[in-house]
Amino acid sequence: LTLKSNVLMKDHFGFLWIGTSEGLFKYNSAAPENITSYTKSQAHITSLHEDTNGSIWAGCKNGQILIVKNNLVTYFNPPDDHPKVTVTAIYQDAKGRMWFATAGEGLYYFNNSHLYNINVKDGLSDDYVNCLYSIDGIEIIAGTDRGLSLINPGSEKINILTFTTKNGLPDNLVRCVISSGYKDAVWIGMQSKGIALFSTVKKQLIEDSSKNNWRYGQVNDLIENQDAIYIATEEDGIVEYDKLKNNFKSKVLKDSLFPSRVSSLQSDNEGNIWAASENKLVSFTGNYLNYWYDVQGTKLIKVHSILAADDGNLWFT
């Protein structure tokens, strides 16, 4: 059985956590440490989140949820039992409640005493929830197999607003939702229509890449920096979206050994981007460094010396 890396997360110390098919690993830039090696069962980790107390919450394929504090692992055992299907995402809101997305049982939230379920009967767009995010910690954005669900937990009743293809969403199957550099907006990644920028205030799309001939298949994760968005895809490796030029560049990682399926992306404190893919963990510099492989047909190989001239030209041998 080959170990598969499924999800990446950076904690407040800057350590990288790797959720795999065979447990949870903590990476300190030297060697990954298997945090769950002493647990009674081999945990298949599918989601990660760090709460405000510095505890790491890890959702599993079988519905179990682990809590890691000071490298000690305990099981989340609420009085109302835990989900029985894959926990796809975890999020803590501004009131300290823990939210859990599942593949088939909708959403759960825990308020330190009870675990409550929200599903299609309550107005959720679909019980298969793929991701969770919130801009303000109050309105929870859930990406499901049938569009976006915007959840506002009121004092007496939970209000849910859905945004689907009927409202202008290019694709109902939302795979990931992340923060954006734009005020009151999030980037969403979809199964077949690429990425889009969604305004949480106006409840409408600001930008839609599907009009830009998206042909790279399912989006699994996104990460944004100043000039670009890096897109983890199911079958086409990592794709770069240039925000200024409004175009896509495929095969960002040119290593032919790099698998085509990338499941998760995470930046580190040095500005590198890490990618989880099958049994590999790969880091690259994003657009922090530009690579020139050739210029006007001349391959730039075996470069021995470089001189930056005063006139702005670059000389090399």
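This is a predicted model: local features need pLDDT of at least 70, side-chain atom pairs count only at pLDDT 80 or more; totals for chains, interfaces and linings use all residues.
The structure holds 17 aromatic pairs. One of them joins Tyr182 and Trp187: the ring centres are 6.3 Å apart and the planes meet at 65 degrees, so this pair is edge-to-face. In general, a pair of aromatic rings is described by two quantities, the distance of the centres and the angle of the planes.

The two partners in this pair may be considered in turn. Tyr182 has a relative accessible area of 38% and is therefore partly exposed, since that class lies between 20% and 50%. Trp187 has a relative accessibility of 1%, and because this is under 20%, Trp187 counts as buried. Another pair is formed by Trp214 and Tyr216, whose ring centres lie 5.0 Å apart; their planes stand at 75 degrees, so this pair is edge-to-face. Both Trp214 and Tyr216 are buried. Ring pairs also connect these residues into a cluster, whose members are Tyr182, Trp187, Trp214, Tyr216, Tyr241 and Phe248.

How many helices and strands does the protein have? There are zero helices and 31 strands. The C-alpha trace spans about 70 × 50 × 35 Å along its principal axes. For 317 residues, a compact globule would have a radius of gyration near 20 Å; the protein has 21 Å, which agrees with that expectation. Of the 317 residues, 49% count as buried. Among the contacts with a separation of 6 or more, 39% are made by residues 24 or more positions apart.

Gly106 is found in the loop between β10 (98-102) and β11 (107-110). Is Gly106 buried or exposed? Its relative accessible area is 0%, so Gly106 is buried. Leaving aside residues up to four places away in sequence, Gly106 touches Phe100, Ala101, Ile118, Leu124, Asp127 and Val129.

Gln218 lies in the loop between β20 (204-208) and β21 (219-224). With a relative accessibility of 18%, Gln218 counts as buried, because the cut-off for this class is under 20%. The residues that Gln218 touches, not counting those up to four places away in sequence, are Arg175, Met190, Gln191, Ala232, Thr233 and Glu234.

Most residues other than glycine have a negative phi. Asn71, however, has a phi near 65 degrees, which is a positive value in a residue other than glycine. Asn71 belongs to the loop between β7 (65-69) and β8 (72-75), and its relative accessible area of 30% makes Asn71 partly exposed. Lys302 also has a positive phi, near 50 degrees. Its place is in the loop between β29 (298-299) and β30 (306-308). Lys302 counts as exposed because its relative accessibility is 71%, which is over 50%.

How values were computed: Residues are numbered from 1 along each chain as its sequence is written. Side-chain values use heavy atoms; hydrogens and water are left out. Helices (H or I, at least four residues) and strands (E, at least two) are DSSP runs, numbered from the N terminus. The radius of gyration is taken over C-alpha atoms; the globule rule is 2.2 Å times the number of residues to the power 0.38. Buried means under 20% relative accessible area, exposed over 50%, partly exposed in between (1.4 Å probe, protein chains only). Contact means heavy atoms within 4.5 Å. Rings of Phe, Tyr and Trp (its six-membered ring) pair if their centres lie within 6.5 Å; planes under 30 degrees apart count as stacked, over 60 as edge-to-face and the rest as tilted.
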